[in-house]
Amino acid sequence: RFERKNPMASTEQTTGKGPLSSALSFDKEAFLTLLEKLVAETPKLQNRSPTHVPEEDLAARHILERLSEYSKEKGGPLEIEHIHYVEKRGNIIVRYPASDPDIKDTIAFVGSHMDVVFADPADWERDPFKLQVDGDMLYGRGTTDCLGHCALLTNIFCALSKLQPKLNVNVVGVYIADEEAGSGKVGVEKLMESGKLDQLKHGPVVWLDCADKQPNIGSGGVVAWKLSAVGKMCHSGFPHKGVNAIELAMDAVRELQRVFYERFPAHEREKTYGFPCASSLKPTQASMPLGSVNQIPQSYVVEGDVRLTPFYHIRDAIQCMRDTVDRLNATRLEALDSEHAHGPDSRYWISDELHGVLTLETGHSIQGLACKLDSPGFKALQQATTEVLGECKPLADTGSLPLVADLQENGFDVQTIGYGVEDAYHADNEFARLSDFEQGFRVLVRVIELVNMKKFD
């Protein structure tokens, strides 16, 4: 594990403050004002298709209103783009330029997103669509994931714009749409595809959508899957005449899991990175047409996902599932039928004309990320975190982040961190802490300073 205690080497190191971080301060009032406006928009920022399609422009307008006070058009330093690939669902790129226009070096903060997960007010103890401040606690949908980070990033760019320091590096922020669904057609994937992120290859990229204030050095790959089982309906008093789709689906999932865990066992590097769990394939939902309790059902659908540590490739997991289902169908489901686990009259292949059939569908996939621990980005984030918090204890989990592995594969120095609360992600009664975001401000400003000075321990 890559833990680090505070090095007592200099006043700058022990305080976590150089000239830039000493001069910039967190604007608590502005942070809360913006976050209140963002949370108020969350009824129409919820991302749960097809019933809830977010309009990220509702959040963007408040962010842009704040940033535009310091735009070049108004005599300030900020270069701002509002980029749409789908109507009402824009992304924002803001740039605080280096003092010399010929400088290409960058430090970028990417991934803070303007959509949120669904919230049912009936399941909450508080109104999810209204920011409520109780001392240090911030309650409301998006406080942790990820509107709090949008407000934090805005706070940083406004602080830079007020001071207008001369830097040897371009500071770039990218607010994105459609992170929760990750369709690939709206947000960061399209920005990458259209070349809007090419400028970020010239320095560290900090993905700002994690939790608990420590560098998240590993994230999981993910793909959703849907297994459909079709059998033969019949009266439950004559089980020998039918093919039970529920039993077929259950046994097929068990076979998928058996093959998956043989192919993708716990990896030796998971311990090094601190992953608390190994890769997994599991069902999470099931559905079937309405029928009578005395009917053996004809169809049954099981859905779930794969979470894969980054030391395996998600495309291999997808192919593994497809090969398993193809093998079962091609061999008359013999691997499932042979055990007779559901009684002597439960069969999946009665004849060539009467038998069960399995169909597998997979959704959009994301490859996992293992951050490079010898890169300038990690060294800066590690040092800044140590200086501000007193220690650096990197984390890893099989939660997933879009595009980060693709960015790394294309030469970007990707690191991830965040200042929400892990237990509040996607949870009812979501919350965050104001003090965490204030510490996040200090860490990220220090990262800017270290990259600007190219000074890492």
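Some conventions to begin with. The model is predicted, so local features need pLDDT of at least 70 and side-chain atom pairs count only at pLDDT 80 or more, while totals for chains, interfaces and linings use all residues. Residues are numbered from 1 along each chain as its sequence is written, and side-chain values use heavy atoms, with hydrogens and water left out. Helices (H or I, at least four residues) and strands (E, at least two) are DSSP runs, numbered from the N terminus.

Four strands make it up, in the order 12-14-10-15, with antiparallel pairing. Two strands count as paired if DSSP finds at least two bridges between them. On average, neighbouring strands here are turned by 20° against each other, direction ignored. For angles in this talk, axes are lines fitted to C-alpha atoms, for helices over the stretch in contact, and the angles run from 0 to 180 degrees between N-to-C directions.

Now strand 10 in that sheet. Strand 10, residues 221–230, is joined to strand 14, residues 299–308, by ten bridges, and the two run antiparallel. In this pairing Val 222 is opposite Arg 307, and Leu 227 is opposite Val 302. With strand 15, strand 10 pairs antiparallel over eight bridges, and there Ser 228 stands opposite Thr 359. Strand 10 is mostly covered, with seven of its ten residues buried. Buried means under 20% relative accessible area, exposed over 50%, and partly exposed in between, with a 1.4 Å probe and protein chains only.

What lies across these strands? Helix 9, residues 314–330, lies across strand 10, strand 12, strand 14 and strand 15, and runs at about 175° to strand 15.

Next, strand 3. This strand spans residues 90–96, and six of its seven residues are buried. Strand 2, residues 79–84, pairs with strand 3 in the antiparallel sense over six bridges, and Ile 80 has Val 94 as its bridge partner in strand 3. The hairpin of strand 2 and strand 3 has five residues between the strands, and in it Lys 88 takes a positive phi near 70°. Strand 3 also pairs antiparallel with strand 7, residues 170–176, over five bridges. There the bridge partner of Ile 92 is Tyr 175.

On to the helices, with helix 3 in both pairs. The axes of helix 3 (residues 28–40) and helix 5 (residues 147–163) come within 9 Å and cross at roughly 140°. That makes helix 3 oblique to helix 5; angles under 35 degrees count as roughly parallel, over 145 as roughly antiparallel, 65 to 115 as roughly perpendicular, and the rest as oblique. The crossing is right-handed, a term used if the near helix is turned clockwise from the far one by less than a right angle; anticlockwise is left-handed. Contact, meaning heavy atoms within 4.5 Å, involves residues including Phe 31, Leu 34 and Leu 38 of helix 3 and Cys 150, Ala 151 and Asn 155 of helix 5. The contact residues divide into ten nonpolar, three polar and no charged. Here Ala, Val, Leu, Ile, Met, Phe, Trp, Tyr, Cys and Pro count as nonpolar, Asp, Glu, Lys and Arg as charged, and the others, Gly among them, as polar.

With helix 4 (57–67), the axis of helix 3 again comes within 9 Å, and the two cross at roughly 155°. That makes helix 3 roughly antiparallel to helix 4. This crossing is right-handed. The contact is made by Ala 30, Leu 34, Lys 37 and Leu 38 of helix 3 with Ala 59, His 62, Ile 63, Glu 65 and Arg 66 of helix 4. It divides into five nonpolar, one polar and three charged residues.

Last, two single residues. Not counting residues up to four places away in sequence, its contacts include Arg 89, Asp 115, Asp 178 and Glu 180.

Glu 247 lies in helix 7, residues 245–263, and is buried at 17%. With the same exclusion of residues up to four places away, Glu 247 touches His 342, Ser 346 and Tyr 348. Its C-alpha atom is separated by 9.9 Å from that of Ile 296, 49 residues apart along the chain.
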